[in-house]
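Hi,

Here is the structure I promised to pass on. Have a look at it first, and then read on for what turned up.

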Amino acid sequence: MQRSIEASRSGFLFLGLVLYALAFLFGAPAAYFPYAFFLLLFLGAFLVLLLHNALSSRWGIPLEPYLYPLARLLPLMGLLGLPFFLFLPELFPWARPGAALDPILAHRSGYLNAPFMLLRYVLFFTLFSWILLKLKPGEHRAEVGAWGLPLAFAAATFLTYDLFMALEAHFYSASFGAILLLSAALLALAVAVALAARKGTPALMGQAQNHTNLLLALSIIWIYVEATTLIIVWGADLPHEVEFYLKRLEGPWGTVAALWAVGGFFLPFLYLLTNPPKREARYLLPVALWIPLFRLLHLAWYVLPALGRGVGIGEVLGFLGLGLFFLQRLRNPS
């Protein structure tokens with residue numbers, strides 16, 4: 001029986017790996033969007049887990065069984081991201097022939113070059129793995145959370161600069177990392193709350209109000225940073241930064257922006273202000289399921305225009321492959 005379970009588990013992981021590999025047949029950019037989504041999900045779980053440890057919180061106790069397995073997939077995501085270094089010119093303008101002729105890219109070449117980017121990538125994931133080794137399920141490691149959270153947030157910020165902001169040739173914003181990481185933390189928290197809430201109100205251990213307030217607080221902080229960044233860039237009328245938004249506010253991407261602003265903030269914000277989700281899991285569960293859908297839309301708005309793609313078969317295969325890893329990990333967290 002045990003051997004049968006192990007074989008089934010290995011079969012799921014192998015199938016997930018095959019589907020993820022097949023996504024590359026449609027081009028590295030096709031596999032990049034699914035990779036970005038799951039990487040941010042696991043990074044978000046890692047940051048929320050560190051916050052829980054730093055505060056020795058009670059609200060994190062019912063979420064630990066879901067946050068730990070997700071965060072521990074980060075080293076694996078580091079390995080799964082390595083193949084993209086073989087396709088840098090397909091993803092990043094700074095890696096393409098002729099980039100040295102662009103004054104801005106030439107100026108940034110000391111930082112944005114393949115060897116240095118790979119070194120940073122390895123160092124960041126080594127740091128994440130080392131901090132994860134210091135955490136123990138069921139224990140409050142306040143000291144690890146206290147120094148691990150700022151360290152991990154700083155490393156993850158630079159990782160988002162490297163992997164996502166650099167997809168655009170000229171765009172730069174110091175708040176770019178904070179926007180994506182706040183969105184990632186909101187995504188991971190909503191997923192963990194949904195997984196706990198589906199087992200009923202007792203599974204939340206009386207923390208439904210804290211979970212609701214935490215979702216609300218993260219939503220407000222995220223939209224504040226998002227909106228102020230847009231206002232500052234637009235007001236300053238910086239050509240290279242404004243072109244980032246122009247590309248995403250015209251045509252169908254403008255509709256997508258309106259959707260994630262309304263569906264990703266205003267609707268859940270109004271719902272989370274009410275009392276029912278603060279009291280019972282059956283009212284908290286719908287909004288916890290709703291939020292990840294619009295986090296996905298929000299990430300698509302950031303990443304896909306830079307890749308010059310929509311969602312095709314390659315993206316679907318990538319999501320199925322990495323989704324199998326995600327589900328398998330939750331079913332077998334040990």
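The largest pocket in this predicted model has a volume of about 320 Å³. Its lining is made up of 18 residues, and those closest to the pocket centre are Phe37, Val191, Leu289, Pro292 and Phe326. If you want to find your way around the lining by element, the ones that contribute two or more residues are α2 (28-55), α9 (176-197), α14 (281-307) and α15 (313-331). The biggest share comes from α14, which supplies 6 residues.

What sort of residues, by class, make up the lining of the largest pocket? Nonpolar ones account for 17, there is 1 charged residue, and no polar residue takes part.

Now for the protein as a whole. You will count 15 helices and 0 strands. The radius of gyration is 20 Å, close to the 20 Å that the globule rule gives for 334 residues, so the protein is as compact as a globular protein of that length. Along the principal axes, the C-alpha atoms fill a box of roughly 60 × 50 × 40 Å.

If you take contacts between residues at least 6 apart in sequence, 80% of them join residues at least 24 apart.

Best wishes

Notes: Residues are numbered from 1 along each chain as its sequence is written. This is a predicted model: local features need pLDDT of at least 70, side-chain atom pairs count only at pLDDT 80 or more; totals for chains, interfaces and linings use all residues. Side-chain values use heavy atoms; hydrogens and water are left out. On a 1 Å grid over the protein atoms alone, a cavity is a set of points where a 1.4 Å probe fits but cannot get out, and a pocket is an open set with protein on both sides within 12 Å along at least five of seven lines; lining residues have an atom within 4 Å of a point. Grid points are joined across faces, edges and corners, and a volume is the space filled by probe spheres set on the points. Helices (H or I, at least four residues) and strands (E, at least two) are DSSP runs, numbered from the N terminus. Ala, Val, Leu, Ile, Met, Phe, Trp, Tyr, Cys and Pro count as nonpolar, Asp, Glu, Lys and Arg as charged, and the others, Gly among them, as polar. The radius of gyration is taken over C-alpha atoms; the globule rule is 2.2 Å times the number of residues to the power 0.38. Contact means heavy atoms within 4.5 Å.
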